[in-house]
Amino acid sequence: MVSLRFVVKRLLLLVPVLFGVATLVFAILQLSPGNPARVIAGQRASEAFVRQIERELGLNDPIWVQYGRFLADVARFDFGDSYIIQRNTPVSTILVNKLPVTLELALYGQLIGVLLGIPLGIISAIKQDTLTDHLTRVGALSGISIPIFWSGPLVILLFSQILGWLPTSGRIDAQRFTIDTITGLITVDTLINGVVETLSSGFQPSNFAPFFSAVEHMILPAATIGIYSMALISRMMRSSMLEVIRQDYIRTARAKGQGAKITLMKHGLRNAMIPVITVIGIQFGSLLGGAVLTETVFGIGGIGTLLVQAIEVGDYPVVQGTVLVFAFLFTLVNLGVDITYSALDPRIQQ
C-alpha cells in the first residue's frame with residue numbers, strides 16, 4: 001500500500017524540477033539568435049514597426065522582469081500566442097490539439113513493448129542458453145540496433161506496398177470518415193462514436209467502420225516504436241530475472257517443494273520487475289520525445305513534428321510551450337515510476 005505522505009513528498013519534489021526546466025528553457029531562448037519582434041513583423045517591416053512590437057511584447061523590459069512574467073504565465077499554463085505556425089492562436093490551444101496524437105502513439109507503442117517484452121524476457125531467462133534464449137536475444141539485439149527511420153519505411157514497403165494489408169500513412173481514412181473530436185485520441189473517439197450510434201439507432205457494422213480504420217492506421221506506427229521498446233524491456237527483464245532466480249529465497253522455496261512456475265511468478269517476478277519499471281518509465285519519456293521520427297515517416301502530425309517546425313521557423317512561444325509540456329509529462333511518468341516502486345517494494349518509502 002502506497003502511503004499518502006510518500007505521494008505528497010514526491011509531488012512536492014516536482015516543483016523544483018519544473019522550476020529548473022522553465023528557467024533553463026527561458027535562458028536558452030534568451031541566448032538564441034534572432035529577434036522575435038522581427039519574426040512577427042517580417043523581414044521587410046520597418047524598424048519603427050519592429051520597435052512597436054518589442055514594446056508591446058515587453059522585450060525592452062529588464063531581463064528579470066521578463067523572467068518573472070514568464071514564470072507567472074507558465075504557472076497559469078499561458079504560453080502566449082504563436083508567431084508563425086498558427087499566428088495569434090494561443091499555444092495552449094495548439095498543444096491541446098496536437099498532444100493527444102503523440103500521446104496515443106506513445107501509449108500504444110509502449111503497450112506493445114510491455115506486452116511482448118516482459119514475457120519474452122521471462123522465457124529467455126527460464127530457458128537460458130537454449131535455442132529459444134538465443135533467438136530471443138538475437139531478436140532483441142536487432143530491435144535495438146535498427147533505427148526507426150529505417151524500420152519505418154521497411155514495414156511500409158512490406159505491409160502496405162507489397163502485401164497491401166495496412167495503410168501507409170495518416171490516422172484514419174479521411175476521404176470516407178469525419179470524426180467529431182472528443183478526447184483527441186482517434187481510436188477512442190471513433191469507438192465512442194460507434195457506441196453512441198449503436199445505442200441510438202441499433203447495431204450496424206458501419207457504426208464501427210471508422211474505429212477499425214483508425215486501428216488499421218495505428219498498427220504500423222505503434223509497432224515500429226513498440227519493437228524498439230520491446231527489445232530493451234525484454235533484455236532488461238531477462239538479466240533481472242536471471243539475477244533473481246539465483247537468490248537464496250528462490251532456492252529455499254524450491255527446496256520446500258514449491259513448483260518452479262509458482263515460485264517464479266509469486267516470488268521472482270515481483271522483485272525482478274523493479275529495474276524493468278525504471279526502463280519502462282524512461283522508455284515512455286523517450287517515446288514522447290522521439291515520436292517525431294515516427295510521426296514524420298507515417299505522416300502523423302503530433303507534438304514532435306510541431307516542435308521541429310517551430311524551431312525551424314523561430315516560433316519561440318511554441319518551442320517554449322512544447323518543451324515545458326514534454327518536461328511536465330516526463331516528471332509525471334517519473335512520479336508514476338516512483339509510486340510503482342513503492343507498491344512493489346514498500347521499503348523504498350522509508
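Leaving aside neighbours within four places in sequence, M237 is in contact (heavy atoms within 4.5 Å) with G117, I118, G121, I122, L269, A272, M273 and V276. This is a predicted model in which local features need pLDDT of at least 70 and side-chain atom pairs count only at pLDDT 80 or more, whereas totals for chains, interfaces and linings use all residues. Residues are numbered from 1 along each chain as its sequence is written, and side-chain values use heavy atoms, with hydrogens and water left out.

**Nonpolar cores**
- A nonpolar core is a set of buried Ala, Val, Leu, Ile, Met, Phe, Trp, Tyr and Cys residues joined through side-chain atoms within 4.5 Å, where buried means under 20% relative accessible area, exposed over 50%, and partly exposed in between (1.4 Å probe, protein chains only).
- In the largest core, of 60 residues, M237 and M241 touch the most other members.
- Helix α11 (residues 260–297) supplies the largest share of this core, 13 residues; helices are DSSP runs of H or I, at least four residues, numbered from the N terminus.

**Salt bridges**
- There are 7 salt bridges, each defined by a side-chain nitrogen of Lys or Arg within 4 Å of a carboxyl oxygen of Asp or Glu.
- R137 and D133 pair at 3.7 Å, N to O, and are separated by about one helical turn because they lie 4 residues apart in helix α6 (residues 131–145).
- R137 counts as partly exposed at 35% relative accessibility, whereas D133, at 0%, counts as buried.
- D248 and R251, whose closest N and O atoms are 2.5 Å apart in their salt bridge, both lie in helix α10 (residues 248–255).

Technical notes
Helices (H or I, at least four residues) and strands (E, at least two) are DSSP runs, numbered from the N terminus.
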